[in-house]
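Subject: Structure handover

Hello,

Here is the structure I promised to pass on. My notes follow below it.

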2 protein chains.
Amino acid sequence: MARAWHLASRPEGMPVAENFELKEIDLPDLGDGQIRVANKWLSVDPYMRGRMRDIKSYVPPFQIGEPMQGGAIGEVVESKADGVAVGDMVQHMEGWRDEAVVNAAESQKLPELDMPPEYFLGFLGMPGMTAYFGLLEVAEAKAGDIVFVSGAAGAVGSTVVQIAKAKGMTVIGSAGGQEKFDWVSGLGADKAIDYKSGPILKSLMEAAPDGIDVYFDNVGGDHLDAAFAVANDRARFAECGMISGYNDTDPMEFRYIMAVVAKRIRIRGFIVTDFIARAQEFYGDMGQMVAAGKIRTEETVYEGLDKQVDAFRGLFEGANTGKMLVKV
Amino acid sequence: MARAWHLASRPEGMPVAENFELKEIDLPDLGDGQIRVANKWLSVDPYMRGRMRDIKSYVPPFQIGEPMQGGAIGEVVESKADGVAVGDMVQHMEGWRDEAVVNAAESQKLPELDMPPEYFLGFLGMPGMTAYFGLLEVAEAKAGDIVFVSGAAGAVGSTVVQIAKAKGMTVIGSAGGQEKFDWVSGLGADKAIDYKSGPILKSLMEAAPDGIDVYFDNVGGDHLDAAFAVANDRARFAECGMISGYNDTDPMEFRYIMAVVAKRIRIRGFIVTDFIARAQEFYGDMGQMVAAGKIRTEETVYEGLDKQVDAFRGLFEGANTGKMLVKV
C-alpha cells in the first residue's frame, strides 16, 4: 500500500497541519509505457504554496481531497516502458508520496554525472536551472556586474551566489540569521547580509556603496523595495519569487518603486520550465563549474514521508540552509 | 527686465505657492552662438515634481534660490548664432520665464509641419515622443494587443490612446471624472474608465474580460496594482510615470505584484530623452497619422506667466484635459 499526502483544505496565511492529510492510496497496475517508482527523495519548494490556492496560474492548483504533487527522485521497481529498467533512478513530478506509478515519458532518467541522486532536486535540478537561467538569461548578468540576491541561503539563492562568482561578478547575498550569514559568506559572496540583524534597506545601502546592477529576487517585499532604492541606472531584476508574500494577506509596501522610471529599471518575471528545452546547456556548463570545484551544496533533510509537511512549512520559517529535502 | 520662477523652498507632499517665487532677473548680453528668445508657450509636466526634490536623478534637481527650468517655445528676438534668425520659432529648456538667453545648440527650430507652435510641447513634442516610443518600443505593443493606459486624458496618455488605435490595438483608457471619461471615449478608446466612479481594480476587470497585454503606466499605485491583477501571461509594462506617488509620502501598496513572477510580466522604466536620436522617425510616422486625421489634441491653457504655479499644481489635481500649457 502506498501513502500520499492529500490536500485537506486550503490554507489562509501560513499552511497548518490540518491543511494536509496522509492517506493510503491504491496504485493501479502498470499500463504500457508506465513505471512504478519507489520514491527516495521528495522536494518541497516555495512555489507549491501557490498551488494550494484555488487560482489559475502557470501550474494548476492542488484539488481538495486529491493527492499533492511535486518533484521526486526514486528507483524504478517495475517497468512496462521501453528503455527504463528496474533499478534505474528517475526524476518525476509525483512527489508527496512514497510510491508512484508514472508515465515514463513524464519522467527523466538521472544524467550520468556521478553525483548523489538528491542533487538533481537541488543545484543540478529545477532550483539549479532556476538560478542559472534566471541570472544569466533573465537578468542578463555578466562579468563585472554587482549582483544582489535575496534568499541567498536557499536552494536557488545559494546556487545564484556561486554561479555569479564563477562568472566574475560581485555578489551581495542576504539571508536570515547568523548561521546562514556564515554559510553565504563561505560560498564566496563578497558581502553577506543578515536581514534579521537590522532593516534590509540600511544593510543593503552599506553593502552596496556602488549600487547594484542586477537583483535576483526570491523574497519580494522589503528586499525588493531596498533593491529599487540602491539600483543603478538600467539595473535588471529577475523576479524568481516573492516568498515574503506567499502566506501574507497584507499588501506589500514600496517606498522606492518610482525608481523604476527614473532609473529605467527592467524587471522580468520568469518560470524555470520556460527554459527546460535548454537543459543540456545547463548540465554542460554546470558540470564544468562543479568539476572546477566552484559549486558547493548543502541540504536540510527531514527524515520520513511523515515529515514532509514540517519540511514544507519550514521553508517559510527559514528552517533550511540550502535545499530542503525529505528522505523517504 | 525678464521675470523667472525660482524655487523658494522644497515642498513636502503637494507643492504650495510658497515653494515658488517669481522674480526679475538680469539677462546677459549675447555671446557667440547664443540667442535671445521671447517665450510664447511654457510647459508644465509631472516630471518637474521630481526635480523639486534634492535627489540625484536623470535630471539634476532644481536649486533653492535659482530659476526653474522646463520646456518652452518662443520667438527669437536677437541672434548671434549662425543659422538662427530673428523671428524663428524655437523650442528650448529655459521655461518658467518670459524671456531667456540660450545657446542655440541647446535649442531646436520647430519642424516645418504647419502646425500651431504649442503642439510641439504636446503630441508633437516630448509628451508625444514619450507616448510613441513608450508604447511601440518599450512595451513592444503591436496590432491586436489589448492595451491599458492610465492617465489617458493627459498629454502623454491621450496620445497613447490614439497611436494605439491607429496601429490596430484595442485600448482601455482610465481618467478621472465624467468630462475626461467622455474625452477619452471620443478619442476612440474601446473602453474608458472613470477611476473616480469606483475602485480601479473592479472597473478594469469589467473593462478587460480578456486581460491586458500591455500597460502604459502614468499613475502607479492602485492603477499599477490593478494592471498586475488583470495582466495576461507575458504582458509588457512601460513605466512612464507614477503621478499618484509624486506628492505622497506614504508607501504604495500592492496586492497583486506577485503576479509578475507567475505571469512572467516584463516591466521597463524609460525616459523619453533616451529616444531623442530617433526624433525624425517619430516626426515622420506621427506626421502621417496626423495627416490621416488619426490624432486629435486638446490643451488646457493658463494665461500669463503669473499662472504657471497654478498650472503646475493643477497637474496633480487632474485640472487638465490634454496638454497643460501656460501662454505667456
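Which domains does the domain assignment of chain A give? There are two entries: domain 1 covers 2-122 + 298-327, and domain 2 covers 126-273. Please keep in mind that this is a predicted model.

**Chain A overall**

Chain A holds nine helices and 16 strands. Its C-alpha trace spans about 60 × 45 × 35 Å along the principal axes. The radius of gyration of chain A is 20 Å. A compact globule of 328 residues would have a value near 20 Å, so the two agree. Of the 328 residues in chain A, 53% are buried. Take the contacts in chain A between residues at least 6 apart in sequence: 65% of them join residues at least 24 apart.

**Between the two domains**

The centres of domain 1 of chain A and domain 2 of chain A, taken over C-alpha atoms, are separated by 28 Å. How many residues of each are in contact? Domain 1 of chain A contributes 16 residues and domain 2 of chain A contributes 18. On the domain 1 side, α1 (47-51) and β16 (323-327) of chain A each supply at least two residues. By class, that side of domain 1 of chain A has six nonpolar, seven polar and three charged residues.

A:G125 is worth a look here. The residue is in the loop between β7 (108-109) and α2 (126-138) of chain A. Is A:G125 buried or exposed? It counts as buried, because it has 23 C-beta neighbours inside 10 Å and the cut-off is 20 or more. Beyond its neighbours within four places in sequence, A:G125 is in contact with A:G71, A:Q91 and A:F120. A:L110 is 15 residues away from A:G125 along the chain, and their C-alpha atoms are separated by 9.8 Å.

**The two chains together**

Chain B can be laid on chain A by a turn of 180° and a shift of 0.0 Å along the axis, with an RMSD of 0.0 Å. The two copies are therefore related as by a two-fold rotation axis. The same surface serves both copies, as 100% of the contact residues of chain B recur in chain A.

The contact involves 28 residues of chain B and 28 residues of chain A. On the chain B side, β13 (252-254), α7 (259-262) and β14 (266-269) each supply at least two residues. The largest share, four residues, comes from β14(B). By class, the side of chain B that touches chain A has 15 nonpolar, six polar and seven charged residues.

Strand pairing crosses between the chains as well. Strand β13 of chain A, residues 252-254, pairs with β13(B) in the antiparallel sense over three bridges. Which residue stands opposite A:E253 in β13(B)? That residue is B:E253.

**Buried elements**

Start with helix α6 of chain A, residues 221-230. The helix is mostly covered, with nine of its 10 residues buried. Among the buried residues of α6(A) are A:H223, A:D225 and A:F228.

In chain B, look at strand β9, residues 170-175. Six of its six residues are buried. Both faces of β9(B) are covered. One side carries B:T170, B:I172 and B:S174, and the other carries B:V171, B:G173 and B:A175. Strand β8 of chain B, residues 146-149, runs parallel to β9(B) and is joined to it by four bridges. Within this pair, B:F148 has B:I172 as its bridge partner.

Finally, B:N218. Where is it placed? B:N218 is in the loop between β11 (212-217) and α6 (221-230) of chain B. This residue counts as buried because 28 C-beta neighbours lie inside 10 Å. Leaving out residues up to four places away in sequence, B:N218 touches B:S150, B:G151, B:G154, B:V156, B:G157, B:C240, B:G241 and B:I243. The C-alpha atoms of B:N218 and B:V147 are separated by 13 Å, and the two residues are 71 apart along the chain.

Best wishes

Terms used
Residues numbered from 1 in each chain as written. Chains lettered and ligands numbered in written order. Predicted model: local features only at pLDDT ≥ 70, side-chain atom pairs only at ≥ 80, totals over all residues. Least-squares fit on C-alpha atoms with pLDDT ≥ 70 in both. Contact = placed C-beta atoms within 7 Å. Rg over C-alpha atoms; globule rule 2.2 N^0.38 Å. Buried ≥ 20, exposed ≤ 12 C-beta atoms within 10 Å, placed from the backbone. Domains from an automatic or database assignment. Nonpolar A, V, L, I, M, F, W, Y, C, P; charged D, E, K, R; others polar. Pairing = 2+ DSSP bridges.
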